[in-house]
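Open the model in your viewer and keep the sequence panel beside it. The stops below say what to select and what is there.

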Amino acid sequence: MAKVDWPAADKRTHIGKRISRIDGAAKTTGAAKYSYDINHPQMLWAKLVTSPHAKAEIGDIDTSAAEALPGVKAVWKQTFKEGDSKTAQYAGQIVAAVAAETEEIATEAARLVKVQYTEQEHQVVDSDPALSKDRPNERAVGNVEQAFADGDSITMSGIYGLPVITHCCLEPHGQVTEVKDGELYVWPSTQNVSRYTDRLGDAVGIPQNKIHVDCQHMGGGFGSKFNFDKWGEIGALLSKQSGRPVKLMLDRDLELATAGNRPSAYAKVKVGAKKDGTVTAVDAEVWGTGGNGGYNPPPVPYVFTKIPNTKVVGKGIRTNRGGQRAWRAPNHPQGCLITMSALADCAAALKMDELDFFLKNVTQTDRPKVYEEELKIAADLIGYKQKAHLRGQGGGAGPVKRGLGIAIHTWGGLGHPSECEITINQDGSVVTKLGSQDLGVGNRTAINIVVADTLGLPLNAVQVEIGKNSYPPSGGSGGSTTIGGVSVSSRAAATEALNKLCAAVAMRLNTQADNLEARDGSIRQIDKTENKVSWKDACAALGPNPIVARGKNVPAESRAAKLIDQGVGGAQIADVSVDIETGIVTINEMVAVQDVGLIISLKTAESQVYGSLIMGITSALFEECVYDKKTGRMLNADMEFYRLAGIKDIGTLKVHMMTGAGYDERGVIGIGEPPVISPGAAISNAVANACGVRVPYLPLTPDRVLAALQKGEGIV
Amino acid sequence: MSEKTELTNRSGLSRRGFLKGIGVTTAATGIVTAVKPLAEAAAIDNGVKGPGELPVTLKVNGQNKRLNVEPRVTLLDALRNRLDITGPKKVCDRATCGACTVLVDGKPVYSCTLLAVEAEGHDITTVEGLGTPEKLNAVQKAFIEHDAQQCGFCTPGFVTAATAFVREHPNATIEQVRAGLGGNLCRCGTYAGMLLAVSDAAKKGAA
């Protein structure tokens, strides 16, 4: 019997090859139906009524005028049980909803809902650690004061930070819901198909096992779409009330202000280092906001966790802003920006080359060899030796200065629990089912690659069905755990199915089942490959019952078997130009070198790294949720003023995957998070290298660059 | 008033008796009025269009589609909500992101900023009209080949804008592509693939 393992490099027919995503044609032609695109006959449109105040007690909610508007079919309003807080904690908090025959009527009806508010004093500022009222989170190792006092060392102090940014999924949060005959059918935009319904049943009074989830395509999640959310509950209640399907998708302003929110992080950092560049101590005060909830300070020092003396005090600031949501690599981009900036400033203080400085200190990380190799490859790819200069010493006499900046990062991975069912039918067709989802990372394609490779079939001979909670359960897509989960469960199911098929044809081929393999559309004898039967003929010989096989990923077991792993490193270098007269930062080039274990789907994996660089460029140069202190509202909850990078903003990008011997043996590791961590830090370091001063906070907008130049040491 | 007249004239909306002169802008300010049934709205001959629903014929992907819409309904909403043509996506809804891009008489237009009633009499092409999964156009093929898409929500708008671009700019350079596709936005970060895809398609032509 074939066992569950990954095929050797020379046996892989699809795994690791550059294969175009299998839903590419559906997506490029508009045939792919996203949740927002689902239209049903008799479907109603829902719109939300939200608090305009950042903090206010909610009084009477009068929906009578809305109900009287022709075309309005259902109304929901917030009710409060004894002991419930009646206080809206942020502008955009939902208080009521309406469902009507058309989107226009629903919008109009929502405006007719009258809500009484008693305003309270709000707090939306996160820039001052003195605003923290929570107990500080303190961690200390060694003795930083003693290290700083060492006569052979220098110290460097700096301030760094990144603001709250919002996910800005292009498909907003929301869903189409239909309650019919006591069953609930929901088409949500979710990254968590199998467990989307958790607690939804209780919330809407329908048993969990009567909730049917279907999400074939979703327009971006990035960590923000795990739960059904308040709007999921409201959609179901409006459908129950009206007896009609209801579409409820967030309007863009609500999407930006309330359905995203990556916590901010700011820090005052003091670094001690020996004159040879060895970092000996890091002392940091870190603060930020995660909205009205608690705050988990980012890891500082990041990656360089073996620095012997560290002291970090984290302070959370509660603000009347929308709640925090997980964002690709939670807390890592923050820890990376703070740490890598402080270290680069330390190198500059020592007048050391940044690359030499990082190479000197990789011994203080968990994987020195990997980082050393990656840094050297990245340096070669960007032409570091030819372009590098000490901080502020490049660029000649003109106003445009050029510089390079470095950052390194890490992430876990592993694989979430996942189950897969494969059916081989008598006609030779193969159907693979998992309750998983494809956020655009190429999950469908990766599953197809694994199953087709295992069964020795072309890709189009395997049908992949995902997106329904009626399929075998698979984990939510978070933390770069999806590919580890689904690749193992589908490999295991395919192996089991193949073993059954081999058993069925062994007698016909006059050999043992374990002396058979699947290759090139046939089942053949391993030691006598001309003794074979075509896939179709093998399946035709099956009796009336198709082969049904299940496989699953049990993370710890799969890790022990080297099917999956966790813990990767990556290095990135940015090459930027800074116009010191206008403050405009331009990306010339960026390189990403990424350790990723065994790659299943090379083309889509590379796309994720390119995408990470671009997303990182966006947050480094443009993104920030701007709040008005007085009204407590987000001022830029639209896409003109909450800017995303355009195609002209990205420069030239290069991606290098650490794969092949030495990496493949680790098994499969996810790639959604790691490469998105470093760009902000690398770009910030490059700007400092170019113009001679640190611009302390992202995004690196012209006003910030000019302010830093004016205030700082400046450039000659 | 002159501005309103100009808008109406430019859009060529005077072909029905009750649609004389002004209308679109006036109707848009009248939305607080309850929705009037079609017949009632049509019966009012005061030169104002709406606020009730109006019959409109839109020529979409070569087919004439008759529908009833209020004057305030955008072309994007008419396509998506009335005609179930959902390739064009609603993202920013205010002419920033390009996800709703369609071709109007061959030119790329943000369909979120054009009213459905203004689109009458024009040739509208959505991404569905450019190719099908079985018969892809050159841009669609190149997008797949160069993996110029991830979640895919911006993809129809980009494919539509890019198709218009390569028709105008055969043999476009990468720098021309950067300038030419500046009107669309992607969140997943698929621009690297797009640069290759669009310049590749421009070389092959025949979009």
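This is a predicted model: local features need pLDDT of at least 70, side-chain atom pairs count only at pLDDT 80 or more; totals for chains, interfaces and linings use all residues.

Two strands pair if DSSP finds at least two bridges between them.

**Stop 1: a hairpin in chain B**

Select residues 101-104 and 107-110 of chain B, which are strands E3(B) and E4(B). They pair in the antiparallel sense over 4 bridges. Within the pair, Leu103(B) stands opposite Pro108(B) of E4(B). Now select the turn: 2 residues lie between the strands of this hairpin, and Asp105(B) takes a positive phi near 50°.

**Stop 2: chain B as a whole**

Zoom out to chain B, which holds 8 helices and 5 strands. Read from the N terminus, its elements follow the order α-α-α-β-β-α-β-β-β-α-α-α-α. Chain B has 207 residues, and buried residues make up 58% of them. Of the contacts in chain B with a separation of 6 or more, 56% are between residues 24 or more positions apart.

**Stop 3: two crossing helices in chain B**

Select residues 155-168 of chain B, helix H6(B), together with residues 191-204, helix H8(B). Their axes come within 9 Å and cross at roughly 40°. The crossing of H6(B) and H8(B) is right-handed. Show the side chains where they meet: H6(B) contributes Phe158(B), Ala162(B), Phe165(B) and Val166(B), while H8(B) contributes Met194(B), Val198(B), Ala201(B) and Ala202(B). What kinds of residue make up the contact of H6(B) with H8(B)? The division is 8 nonpolar, no polar and no charged.

**Stop 4: Val198(B)**

Stay on helix H8 of chain B and select Val198(B). Is Val198(B) buried or exposed? Val198(B) counts as buried because it has 33 C-beta neighbours inside 10 Å, and 20 or more are needed for that label. Leaving out residues up to four places away in sequence, Val198(B) touches Val139(B), Ala142(B), Ala162(B), Phe165(B), Val166(B), Val177(B) and Leu181(B). For a distance check, pick Asp93(B) as well: Asp93(B) and Val198(B) are 105 residues apart in sequence, and 25 Å apart in space from C-alpha to C-alpha.

**Stop 5: the largest nonpolar core**

Which residues touch the most other members of the largest nonpolar core? They are Val98(A), Val687(A) and Val198(B), in a core of 280 residues. Select Val98(A) next. Apart from its neighbours within four places in sequence, Val98(A) is in contact with Ala46(A), Lys47(A), Ala66(A), Val72(A), Val75(A), Ala106(A), Ala109(A), Ala110(A) and Val113(A).

**Stop 6: where chain A touches chain B**

Colour the chains separately and look at their contact, which takes 53 residues from chain A and 54 residues from chain B. On the side of chain A that touches chain B, helices H1 (24-29), H3 (103-112) and H16 (602-621) each supply at least two residues. H16(A) gives the largest share of that side, 9 residues. The side of chain A that touches chain B divides into 24 nonpolar, 16 polar and 13 charged residues.

**Stop 7: a sheet of 3 strands in chain A**

Find the open sheet of 3 strands in chain A, ordered E4-E2-E6 with antiparallel pairing. Strands E4 (87-88) and E6 (114-119) of chain A are the edges, and each pairs on one side only. Select residues 56-62 for E2(A), which pairs with E4(A) over 2 bridges. Ala56(A) stands opposite Ala88(A) of E4(A).

**Stop 8: a strand pair in chain A**

Select residues 400-413 of chain A, strand E16(A), where 11 of the 14 residues are buried. How many bridges join E16(A) to strand E24 (residues 566-579) of chain A? There are 13, and the two strands run antiparallel.

**Stop 9: Tyr160(A)**

Finish on strand E8 (residues 153-162) of chain A, where Tyr160(A) is found. Tyr160(A) counts as buried because 27 C-beta neighbours lie inside 10 Å. Not counting residues up to four places away in sequence, Tyr160(A) touches Ala267(A), Val269(A), Leu337(A), Ile338(A), Ser341(A), Ala342(A) and Pro696(A).

Methods
Residues are numbered from 1 along each chain as its sequence is written. Chains are lettered from A and ligands numbered from 1 in the order in which they are written. Axes are lines fitted to C-alpha atoms, for helices over the stretch in contact, and angles run from 0 to 180 degrees between N-to-C directions. A crossing is left-handed if the near helix is turned anticlockwise from the far one by less than a right angle, and right-handed if clockwise. Two residues are in contact if their C-beta atoms, placed from the backbone, lie within 7 Å. Ala, Val, Leu, Ile, Met, Phe, Trp, Tyr, Cys and Pro count as nonpolar, Asp, Glu, Lys and Arg as charged, and the others, Gly among them, as polar. A nonpolar core is a set of buried Ala, Val, Leu, Ile, Met, Phe, Trp, Tyr and Cys residues joined through C-beta atoms within 7 Å. A residue is buried if 20 or more other C-beta atoms lie within 10 Å of its own, exposed if 12 or fewer, and partly exposed in between; C-beta atoms are placed from the backbone.
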